Amino acid sequence: MAATALHDDLFAPDVIADPYTYFGRLREADPVHWNPRGELWVVTRYEDLVWLVRHHELFSSAVIKNDRRAPSPPIDPADEPLLAEVRAFRSDQLVEHDRPEHLAMRGAVHEYFTPQAMEGWRPFVRAAVNELLDEVEPRGRMDVLEALAAPLPVRVITQMMGVPEEDRDHLRHLADRLLYINRGEPNRLRLLMEGIEGMIEYVSPRVDERAARPGDDFISVLARAERDGVFTRHQVLVNTALLLFAGHETTMNLICNGTLAFVRHPDQWELLRADPAGAARLATEECLRYDPPVKSTQRIAAADVERHGKTIRKGDRIRWFMAAANRDPRAFADPDRFDITRHPNPHVSFGTGIHYCLGASLARIEGQEVFRALAERFDSLRLETEELSYSPSIQFRSLAALPVAWD
Amino acid sequence: MARMLAIAVDRGRCMGNGQCVFLAPEVFEHDENLQSTVVNPAGAPEDVILKAAAFCPTGAIGVADAETGKELFPG
């Protein structure tokens, strides 16, 4: 089988730089693939991904709680005492729960994130995008990440948390630390722990405040859920942190990866420029499909499952790759083509089913407003580097920088 | 007696994200194309059905009063 000719290092530089080739080959040759090095199943076809995700009773989201294997890649031995605390933190995240707990927890925060409620944030997002771009436009160049993609989601989320503007930089620093979840560096637990402790310290007194004087912010929503017995205090703190980093890096990646796709496809950029307000909606969906912010997510098997002649055993880890499923020729015509008029575009970049991204509507609005504003302002964008570098993560598709210039 | 609702899923819009199935499983199910289909328009209280419609990421669900035809969502 061709797949056996592939190496099994999911953190190898070639896989990090270009996941589409590596996971595309797996998708065609061995769609349910056992990766011995990571001790996990790699699922890459669209139809399989959708089937597996929908069968949440067979594939538990409580991976941290149920998976006692040593961290992979290995961590610094000196950091092993941190493991228990990191696990306790992560296993209290909403996304690490199955039914029935997940239903109650998600139900408590659902209302806040409806598409209609998020539409109410569009004017704030638009103003923030314009403010950030006003600042850099006269310079003729920017690092998209530093100037736009990183500050925008932090502004939005801190506003949603109802915390003062002057705390933004501190929260962005904490968010950067929290992003060491699912990275490969040996010292990642120490950095992650800084983020966890910092968040707990920052958010705790604010939860008390909002419990006493509720507002319309997100921390008040969680404080109410604590009062109603749906969340414990630890879960309130953990899930406020989850909101911060889940909305941070993902949106950063949508903006950077989407902008890069436009830089590399001038014909599509021209299409967007012809009607920025009208084309931004479908264009954002195509950016999400073509180079998704999140490459993969993981589950742990709750039962033995047969698929493509393979037996996934109860307790096995499974990682499915939206990045590969979104390019599956069985699901998308001409899948490697970046086509901003593609419709329908049933990409799985937000997942599907009961764990479908809670912040999807917000992410869409942020993407739409950014691509629209860029197209309205700049005739053309050119890349100012030969080498792009991606963070060594199995989960996130994150550029380290995206320097562009315009005339 | 709760009023009867007419619930319509626009199949040109439904992407099968499953939020309606998640919120009102007695009312909505996925068909073989993984698109949402209404199995019982009286399977949940009206506020739950309206919530399911409101949470559809693609705005594919419309809800109306079955008797008067009055649109309740998007409304």
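Visitor: Which residue takes a positive phi just after α10(A)?
Guide: Helices (H or I, at least four residues) and strands (E, at least two) are DSSP runs, numbered from the N terminus. α10 of chain A spans residues 151–161. Just after it, the residue with a positive phi of about 70° is Gly162(A).

Visitor: What kind of model is this?
Guide: Residues are numbered from 1 along each chain as its sequence is written, while chains are lettered from A and ligands numbered from 1 in the order in which they are written. Side-chain values use heavy atoms, leaving out hydrogens and water; local features need pLDDT of at least 70, side-chain atom pairs count only at pLDDT 80 or more, and totals for chains, interfaces and linings use all residues, this being a predicted model.

Visitor: How many of the residues of helix α10 of chain A are buried?
Guide: Buried means under 20% relative accessible area, exposed over 50% and partly exposed in between (1.4 Å probe, protein chains only). The buried residues of α10(A) include Arg155(A), Thr158(A) and Met161(A). The helix is mostly covered, and the count is 10 of its 11 residues.

Visitor: On to the rings: what angle lies between the planes of Phe59(A) and Trp320(A)?
Guide: Rings of Phe, Tyr and Trp (its six-membered ring) pair if their centres lie within 6.5 Å; planes under 30 degrees apart count as stacked, over 60 as edge-to-face and the rest as tilted. The structure holds 15 such aromatic pairs over all chains. Phe59(A) and Trp320(A) form one that is edge-to-face, with 6.0 Å centre to centre and, between the planes, 80°.

Visitor: How many residues apart are Phe59(A) and Trp320(A)?
Guide: This pair links distant parts of chain A, with Phe59(A) in strand β3 (residues 59–60) and Trp320(A) in strand β8 (residues 317–321).

Visitor: Why is the pair of Phe262(A) and Trp269(A) edge-to-face?
Guide: Both residues of this pair, Phe262(A) and Trp269(A), are buried. The ring centres of Phe262(A) and Trp269(A) are 5.7 Å apart; the pair is edge-to-face because the planes are at 65°.

Visitor: Which residue lies over the face of Tyr290(A)?
Guide: Tyr290(A) forms one aromatic cluster with Phe262(A), Trp269(A), Phe338(A) and Phe371(A). A charge sits over a ring if NZ of Lys or CZ of Arg is within 6 Å of the ring centre and within 35 degrees of the ring normal. Over the face of Tyr290(A), at 4.3 Å from the ring centre, lies Arg327(A).

Visitor: What area is buried between chain A and chain B?
Guide: Contact means heavy atoms within 4.5 Å, and 24 residues of chain A are in contact with 15 residues of chain B. Buried area is the accessible area (1.4 Å probe) that two parts lose on being put together, summed over both. Carbon and sulfur atoms give 59% of the total, which is about 1600 Å².

Visitor: Which residue of chain B forms a salt bridge with Glu111(A)?
Guide: A salt bridge is a side-chain nitrogen of Lys or Arg within 4 Å of a carboxyl oxygen of Asp or Glu. The count between chain A and chain B is one. Its closest N and O atoms are 3.3 Å apart, and the partner of Glu111(A) is Lys51(B).

Visitor: How far apart are the C-alpha atoms of Arg13(B) and Ala60(B)?
Guide: Arg13(B) lies in the loop between β1 (5–9) and α1 (19–23) of chain B. Arg13(B) and Ala60(B) are 47 residues apart along the chain, yet their C-alpha atoms are separated by 5.3 Å.
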